[in-house]
Amino acid sequence: MSKQIALIGLGLIGGSLALAIKSGLPKAQIKGFDIDQNSVKLASTLQIIDEQAESLEDAVRDADIIILAAPVESTIKLIQQLETLPLQAGAIVTDVGSTKETVVVAGNKLQSKGVFFIGGHPMAGSHKTGVEASIERLFENAYYVLTPAEGVPDNKLIQLQNVLKGTKAKFIQLEPASHDRFAGLISHFPHIVASALVHHVAKAGDEDPLITQLAAGGFRDITRIASASPTMWRDILMHNKEQLLPMIQEWNAIMKNVEDMLHTDDDEAIYAFFADAKDVRDNLPSKKKGAMLPFYDLYVDIPDHPGVISDVTAILAKASISITNIRIIEAREGIMGALRLSFRSEEDLTVAKQQLEEHAYEAYDVQ
Ligand SMILES: NC(=O)C1=CN([C@@H]2O[C@H](COP(=O)(O)OP(=O)(O)OC[C@H]3O[C@@H](n4cnc5c(N)ncnc54)[C@H](O)[C@@H]3O)[C@@H](O)[C@H]2O)C=CC1
Ligand SMILES: O=C(O)C(=O)Cc1ccc(O)cc1
């Protein structure tokens, strides 16, 4: 069955979805639109879309499925524009925004036009932006939350999941408010903390530039998400304010507790603080891809001598394993450093570990 799909917003998520849809439904016809003309041209050159739309109206006129893949505030404005445009009867409108409550309130109003709004949030991504960063398998094994507007029939939910089957994601249905609380806890609030950590160190870095230089290792890793799009994150905070404000209070209480433990030299309580967190962290599901764990990383200890990196990559190439990213960590002259290798799947990670260990390398994953 050939489906006419309108894709509005040709960035990381729009582009990745288009690639995944095509892999599941090769006959789908994807017509793309973006307010940035360069993104439309690039998406067409990279064959991520089949056709370039001249306007929003041109993109959506004949579509069976309309996917909005812009930042949340723009998504709401796009839904309001759709209310005034001619659409196919029975068409499905969906989005990919990281917040759902205000989006679904806007989407409810589309029902009177004879079209069906189903909120969506594929819970995987990265700090990168733009259609050039698109990855076909970005959503594989990730949760994909669906939040239908009032009165959407089941067959429309099934139809949408069928169009999105190439994502190989795990679909779950949630109430918009539950989604926003869960996403607030595991994704939005941690993002605020990551950016706050960067501000904290940058402020201290004004005293002595050595501080920022020393921040190159583990600090870079735990603050990776602070390199994401400020526009996207501004919109997420503005649209999830109700959930996030109480979390800031809860966080302040946790910090106050740490402060008290230090003031009173309560070493047992400090030990328990770390031991309890370790216990919870060690028991988090690692085989599933969550919103915060989009990569499969393996750390390999390496002696600091020429040729070692090409030796490691040659071992993996011989086993036909693709590395999606490679980084040298804490390699100082004469001192053992580590390589962080990223893979597409857990299977690749397991085989890579086995191959490297057979060649006498120490390899460990930290999920
Ligand atoms: N980046 C991530 O890891 C994830 C992002 N999301 C959500 O996906 C959405 C898109 O994010 P990304 O693709 O990462 O951002 P992006 O910055 O890579 O792409 C967004 C695109 O939307 C376009 N756009 C903005 N307003 C528009 C409008 N009115 N009409 C047409 N195009 C418009 C921009 O020009 C840009 O090309 C956001 O709502 C975000 O919350 C969801 C899951 C993961
Ligand atoms: O880069 C990461 O690890 C992320 O956390 C990506 C991300 C950003 C926003 C979402 O709504 C879902 C996933």
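**Sheet, domains and ligand shell**

In strand β8, Gln173 is the bridge partner of Leu146. The model is a predicted one, in which local features need pLDDT of at least 70 and side-chain atom pairs count only at pLDDT 80 or more, while totals for chains, interfaces and linings use all residues. Residues are numbered from 1 along each chain as its sequence is written, and chains are lettered from A and ligands numbered from 1 in the order in which they are written.

User: How many bridges join strand β7 to β8?

Analyst: Strands here are DSSP runs of E with at least two residues, helices are runs of H or I with at least four, and both are numbered from the N terminus. Two strands pair if DSSP finds at least two bridges between them. Strand β7 (residues 143-148) runs parallel to β8, and the number of bridges joining them is four.

User: Which strands stand at the edges of the sheet?

Analyst: Eight strands form an open sheet with mixed pairing, in the order β3-β2-β1-β4-β5-β6-β7-β8. Each edge strand has a single partner strand, so one side of it is left without a neighbour in the sheet; these strands are β3 (51-52) and β8 (170-173).

User: Which residue of β2 is the bridge partner of Leu7?

Analyst: Strand β1 (residues 4-8) pairs with β2 in the parallel sense over five bridges. Strand β2 (residues 29-33) is mostly covered, with four of its five residues buried (20 or more other C-beta atoms within 10 Å of a residue's own, C-beta atoms being placed from the backbone). In β2, the partner of Leu7 is Gly32.

User: Why does ligand 1 lie between two domains, and which are they?

Analyst: The domain bounds come from an automatic or database domain assignment, which divides the protein chain into domain 1 (4-174), domain 2 (179-282) and domain 3 (296-364). Two of these both give residues to the shell around ligand 1, so the ligand lies between them: domain 1 and domain 2.

User: Which element gives the most to the shell around ligand 1?

Analyst: Of the 31 residues around ligand 1, Gly9, Gly11, Ser74, Ser98 and Gly125 come nearest, a residue being near if its C-beta atom, placed from the backbone, lies within 6 Å. The elements that give two or more residues are α1 (12-24), α4 (72-82), β6 (116-122) and α10 (230-239). With four residues, the element that gives the most is α4.

Notes. A residue is buried if 20 or more other C-beta atoms lie within 10 Å of its own, exposed if 12 or fewer, and partly exposed in between; C-beta atoms are placed from the backbone.
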